[in-house]
Amino acid sequence: MSTFFDYQNEQVANLPLHLRKYIVPQVYEKYTPVDHAVWRYVMRQNYSYLKNVAYYPYIPGLKKAGLTIEKIPSLQEINDALTVIGWGAVTVDGFIPPAAFMEFQAYRVLVIAADIRQLEHIEYTSAPDIIHESAGHAPIISDTKYNQYLSYLGSIGTKALFSSKDYALYESIRALSILKEIPNVDQKELADAEALVLYNQQNLGAPSEMALLSRLQWWTVEYGLIGSIDQPKIYGAGLLSSIGESASCMDPKVKKIEYTIDALTYGYDITKEQPQLFVTPTFQNLIDVLTQFESTMAFRVGGLESILKAIECKNICTATFSSGLQVSGVFSNVHKDTNNQIKYINTNSPTTLCFNDQFLTGHGPDYHVDGFGAPVGQLLGTHKKLEDFTKQDLNEFGLVLETTVQLNYENGIQVNGKLIGVTFKEDKLILMTFDNCEVTDKEGKTYFEPSWGNYDMAIGDAIVSVFNGTADKSIFEDQLYVSPKRTYQQNYTQQDIRYQDLFHKIRNYREEKKLDNSLLLLWNTLKNDFKEDWLGALEILELVAVDTNKTDLSDEIRAYLNAQINTYPKFTKLINDGLKIIDTKLKFE
């Protein structure tokens with residue numbers, strides 16, 4: 001693993017090892033002068049429009065997040081700013097799994113894609129990029145209620161159960177977003193990737209907890225509006241970072257709906273503009289809706305349905321017994337009694353036993369390497385729960401160490417073996433260990449045989465909580481999923497490098513506030529050698545438009561840009577929006 005930098009930020013420094021594997025360094029030198037020009041254009045356009053419709057004061061919000069209009073921010077600058085409000089930021093490679101994304105939020109760390117959109121995708125990209133993550137999320141995070149909502153969303157997101165189909169969708173979306181950023185991508189490959197995303201979206205079945213929670217995140221954090229239905233303001237990062245959709249979303253044809261728990265019923269498509277948006281009156285309302293959703297989650301309700309969700313997940317989950325014992329592994333089976341209640345559960349992968357999220361010594365994945373099984377329920381012949389037995393109760397019930405005993409459960413499970421150990425935690429009996437043990441039920445089914453070794457029996461009359469991942473996060477660090485498919489990195493031609501050098505020189509002119517005759521040479525090179533350019537022409541026009549001695553050059557550039565609109569209609573809005581800022585002499589303050 002590469003060297004970990006915490007940017008002298010406490011939140012980043014406190015990230016656990018299993019999350020650090022998603023972090024990639026921000027190699028600031030990789031951002032080209034064209035990349036900085038893309039950032040500057042988008043941020044200027046955002047300010048032009050969002051100063052009137054964004055929820056927060058735009059420039060003050062940027063400054064609080066360590067951002068400026070002029071250049072791509074460094075992670076150090078962002079962390080220096082966010083540390084004031086108890087947050088941090090790291091860079092990652094494109095999309096990461098939703099569970100990991102949520103957990104970063106729980107640790108009060110913003111996840112920012114290291115890459116920036118390409119010039120040809122300047123209006124919108126479906127791939128995560130530094131414009132979306134930093135310019136969209138970071139400026140509003142200083143709002144106390146909003147950052148409380150973000151961390152709350154993250155904390156329950158770490159426990160949300162997902163389905164195996166969720167990961168198939170995640171991988172297909174990640175693959176599509178990468179393809180869309182590749183210049184001259186094979187169109188059949190792109191069409192196939194889009195078809196796969198559509199197929200996975202349409203074949204998810206009943207949405208998992210993570211899918212539902214992702215909907216709430218999408219309609220709030222990414223595409224949320226706040227205020228009144230008639231005059232809402234934008235706070236969602238997806239809108240704030242899209243110079244196209246931030247304007248079109250206010251069109252009356254985009255339906256505005258009051259934000260309630262019913263937003264769960266609306267799916268979304270990341271490749272298209274949204275047909276409806278949700279308006280919350282306050283950020284407290286976001287917290288209230290999330291509290292409603294939390295009350296329905298498996299980690300709050302437990303029981304049979306929650307175990308079934310864990311089995312469908314096909315990944316490491318944790319089931320908590322009423323005694324407090326936690327079993328973490330890939331759940332494979334649940335056996336029901338005649339009352340349709342849990343009788344016995346199994347994992348089929350290396351399994352860990354924990355208590356209060358702490359690994360129980362001797363009960364790690366190397367010991368329970370083939371899985372784990374345990375009965376759930378109450379014993380026959382006693383009204384006292386087995387988990388509440390004291391050592392004296394065990395003796396009085398005939399459960400004496402180093403003797404052969406038999407336990408009969410109300411649900412028909414029978415345990416026969418030599419009792420060789422008992423484990424108590426916080427006055428709860430959580431585990432009994434047997435030698436030469438057999439576990440069966442009244443129907444004659446065998447759950448454990450003596451030849452399998454010692455039988456460590458979890459204690460608890462119910463499963464009270466089920467959640468995603470392992471209870472002790474340090475145990476399964478190496479098993480957490482990281483996509484093998486990396487984002488596309490540009491290979492620049494000599495012509496690309498020449499183009500970038502022109503933007504470097506334009507920036508120098510702007511920063512030094514010094515115009516000379518070499519600017520004309522630069523302009524001639526740009527118009528003659530880079531036939532599809534429009535952004536460089538706008539930046540030069542911005543410089544000469546304020547100089548009364550350069551009226552002829554200014555007129556020539558304007559004529560060129562109008563000709564570009566006729567030749568390349570796809571540039572029409574981009575050029576006109578750029579000209580509007582120049583002509584109105586917009587001040588960025």
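The side chains of Asn346 and His335 are joined by a polar contact of 3.5 Å, in what is a predicted model. Asn346 belongs to strand β9, which runs over residues 342-347, and because its relative accessibility is 17%, under the 20% limit, Asn346 counts as buried.

**Around Asn346**
- When neighbours within four places in sequence are left aside, the residues in contact with Asn346 are Val330, Phe331, Ser332, Asn333, His335, Phe372 and Gly373.

**The protein chain as a whole**
- The secondary structure of the protein chain comprises 22 helices and 18 strands, and its C-alpha trace spans about 105 × 50 × 45 Å along the principal axes.
- Among contacts in the protein chain with a separation of 6 or more, 66% are made by residues 24 or more positions apart.

**Nonpolar cores**
- The largest nonpolar core has 150 residues, of which Ile307, Trp534 and Leu561 touch the most other members.
- Helix α3, covering residues 33-53, gives the most to this core, with 10 residues.
- Not counting residues up to four places away in sequence, Leu561 touches Trp534, Ala537, Leu538, Leu541, Ile575 and Leu579.
- Another core, of 22 residues, lies apart from the largest one, and its members include Phe389, Leu394, Leu419 and Ile459.

**Helix α21, which carries Leu561**
- Helix α21 is made of 17 residues, 551-567, and reaches 24 Å from its first C-alpha to its last, which is close to the 24 Å expected at 1.5 Å a residue.
- The buried residues in α21 are Leu553, Ser554, Ile557, Tyr560, Leu561, Gln564 and Ile565; because they cover an arc of only 145° around the axis, they lie on the same side of α21.
- Asp552, Asn566 and Thr567 are exposed on the other side of α21.
- The cover over the buried residues of α21 includes α19 (518-529), α20 (535-544) and α22 (572-583).

**Asn147 in helix α8**
- Asn147 is placed in helix α8, which covers residues 144-157, and with a relative accessible area of 5% Asn147 is buried.
- The side chain of Asn147 reaches the backbone oxygen of Ile141 at 2.9 Å.
- Leaving aside neighbours within four places in sequence, Asn147 is in contact with Trp87, Arg108, Ile141 and Ser142.

**Lys253 in a loop**
- Lys253 lies in the loop that runs between α13 (245-248) and β5 (255-258); because its relative accessible area is 69%, over the 50% limit, Lys253 is exposed.
- From C-alpha to C-alpha, Lys253 and Gly86 are 40 Å apart in space, and in sequence they are 167 residues apart.

Conventions
Residues numbered from 1 in each chain as written. Predicted model: local features only at pLDDT ≥ 70, side-chain atom pairs only at ≥ 80, totals over all residues. Heavy atoms only, no water. Helix = DSSP H or I, 4+ residues; strand = E, 2+ residues; numbered from the N terminus. Buried < 20%, exposed > 50% of the residue type's maximum accessible area, 1.4 Å probe, protein only. Polar contact = N/O pair within 3.5 Å; in protein donor to acceptor, adjacent residues only side chain to side chain. Contact = heavy atoms within 4.5 Å. Expected span 1.5 Å × (residues − 1). Arc of directions from axis to C-beta. Core = buried A, V, L, I, M, F, W, Y, C linked by side-chain atoms within 4.5 Å.
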